[in-house]
Amino acid sequence: MRRVLGVLIVLTLWSCATTAPARSPAGEDAVIRGLEDQERAALLNRDTVALQRMWAPGFIVNSPLNQISRDRGVVLDLVRRGLIHYSAFDRRIEEVRIMGNIAIVMGAESATPARAGARAVPRRFTHVWQRDAGAWRLVARHANDIIAQ
């Protein structure tokens with residue numbers, strides 16, 4: 001009976017250890033935070049060359065316009081045409097979670113459209129990065145505007 005109890009305790013501890021939320025190693029966390037800032041700056045500056053490098057070819061976006069953009073080319077075209085264009089764009093990362101070759105980033109951002117009289121729009125966002133061949137690329141984004149009630 002003691003042996004069975006011992007095995008059950010070991011299995012329970014092992015189960016808790018393997019299902020606990022992964023904390024990001026400090027170095028990887030800093031890399032992802034740096035990429036987030038580079039991506040934010042590239043978007044603000046409409047730097048489509050940098051965005052193309054950072055966004056995976058299958059980059060998918062669930063946008064605040066309640067539309068899904070299904071690949072990087074669609075979103076890059078929106079940036080080139082000025083439909084995605086900001087005069088100010090800030091991001092506050094609240095959580096970075098790295099699990100193997102996937103990094104999930106969640107937080108808040110404020111985007112001010114580049115048009116006369118536009119006000120900053122507060123948003124919540126989630127990004128999913130994937131490491132492939134040693135390079136991190138953004139594979140998915142979800143953003144929704146926060147509407148004051």
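Guide: Two bridges join strand β1 to strand β2 (residues 68–69), and these two strands run antiparallel. Helices (H or I, at least four residues) and strands (E, at least two) are DSSP runs, numbered from the N terminus, and two strands pair if DSSP finds at least two bridges between them. This is a predicted model, in which local features need pLDDT of at least 70 and side-chain atom pairs count only at pLDDT 80 or more, while totals for chains, interfaces and linings use all residues. Residues are numbered from 1 along each chain as its sequence is written, and side-chain values use heavy atoms, with hydrogens and water left out.

β1 and β2 form a hairpin with five residues between them. In that turn, N66 has a positive phi of about 60°. β1 also pairs with strand β6 (residues 135–145), in the parallel sense and over four bridges. V61 has a bridge partner in each of these strands: S69 in β2 and R141 in β6. For I60, the bridge partner in β6 is A140.

Taken together, six strands form an open sheet in the order β2-β1-β6-β5-β4-β3, with mixed pairing. β2 and β3 are the edge strands, since each pairs on one side only. Strands of a sheet pair through backbone hydrogen bonds, either parallel or antiparallel.

Now for what surrounds the sheet in the chain. The protein has four helices and six strands, and from the N terminus on its elements run α-α-α-β-β-α-β-β-β-β. Helix α2 (residues 26–44) has 19 residues and reaches 27 Å from its first C-alpha to its last. That is close to the 27 Å expected at 1.5 Å a residue, where the expected span is 1.5 Å times one less than the number of residues. D29, I32, L35, E36, E39, R40, A42 and L43 are buried in α2, buried meaning under 20% relative accessible area with a 1.4 Å probe, protein chains only. Seen down the axis of α2, these buried residues fall within an arc of 165°, so they line one face of the helix. The arc is taken from the directions from the helix axis to the C-beta atoms. Just after α2, R46 takes a positive phi of about 55°.

Over the whole protein, buried residues make up 32% of the 149 residues. Residues 24 or more positions apart account for 52% of the contacts with a separation of 6 or more, a contact being heavy atoms within 4.5 Å.

Last, the confidence: pLDDT is the predictor's confidence in each residue, from 0 to 100. Its mean for the protein is 86, and 83% of the residues reach 70 or more. The mean is lowest in helix α1 (residues 2–19), at 40, and highest in helix α3 (residues 48–54), at 98. Where pLDDT is low, the predicted coordinates should not be read in detail.

Definitions and conventions. Buried < 20%, exposed > 50% of the residue type's maximum accessible area, 1.4 Å probe, protein only.
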